[in-house]
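Biologist: Before the terms are applied, may I see the model, and may we then take the assignments in turn?

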Amino acid sequence: MPTQDEAPALFEECRIVRAHGELDTRTVAPLVRALAEARAARPGRLLLIVDLSEVTFTDCSILTPLCEAWSHCRARGGWIRIVYDTHTTDLVFRHTGLLDRFPAYANAQDAWEGRTADAALRLTASALLAAEAHRPAEDDVPRRTTRQDTS
């Protein structure tokens, strides 16, 4: 969650909203407020970075406020970029079809410069499951044995 009573930081022309901890229907309100404050902070073009790098868990409750902010930023000739590196956040965007709208950025500087996180470094849930499915069961792994002389 964004720190209480902390205004989003100014990053050159860009507003940054930071959240931490778990984000779900019970805890998303501070993020919603921080996004609204960032959008209201200045007129004209709006560039917004939402830093979720310290979020440990999220569910779909972040989607409505992020999509509203996305629409608002685009209507004002700007953009919104999301910093995240957790598997659960990636899954929320991937399974709702919003990964193209909200690709991962490694940090605020990369988001500012438009450099998305390297997709090769991020494993999808299906890749993880496929790797697990092809891993031999522990009982099927050949074991090295020592031959003992029985003479």
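**Terms and values**

Modeller: Leu63 lies in helix H2. This is a predicted model, in which local features need pLDDT of at least 70 and side-chain atom pairs count only at pLDDT 80 or more, while totals for chains, interfaces and linings use all residues. Residues are numbered from 1 along each chain as its sequence is written, and side-chain values use heavy atoms, with hydrogens and water left out.

Biologist: What makes Leu63 count as buried?

Modeller: Buried means under 20% relative accessible area, exposed over 50% and partly exposed in between, with a 1.4 Å probe and protein chains only. Leu63 has 11% relative accessibility and therefore counts as buried.

Biologist: Which residues does Leu63 touch, leaving aside those up to four places away in sequence?

Modeller: They are Val92, Phe93, Thr96 and Leu98, where contact means heavy atoms within 4.5 Å. The C-alpha atoms of Leu63 and Phe93 are separated by 8.2 Å, although the two residues are 30 apart along the chain.

Biologist: Why are H1 and H2 called roughly parallel?

Modeller: Angles under 35 degrees count as roughly parallel, over 145 as roughly antiparallel, 65 to 115 as roughly perpendicular and the rest as oblique. H1 and helix H2 (residues 63-75) pack at about 10°, with axes 10 Å apart; the pair is therefore roughly parallel. Val32, Leu35 and Arg39 of H1 meet Pro65, Leu66, Glu68, Ala69 and His72 of H2.

Biologist: How are helices such as these assigned, and how many helices and strands has the protein?

Modeller: Helices (H or I, at least four residues) and strands (E, at least two) are DSSP runs, numbered from the N terminus. The protein has five helices and five strands, in the order β-β-α-β-α-β-α-β-α-α from the N terminus.

Biologist: Where is Thr27 found, and is Thr27 buried or exposed?

Modeller: Thr27 is in the loop between strand S2 (14-23) and helix H1 (29-40). Its relative accessible area is 15%, so Thr27 is buried. Buried residues make up 39% of the 151 residues in the protein.

Technical notes: Axes fitted to C-alpha atoms, helices over the stretch in contact; angles between N-to-C directions.
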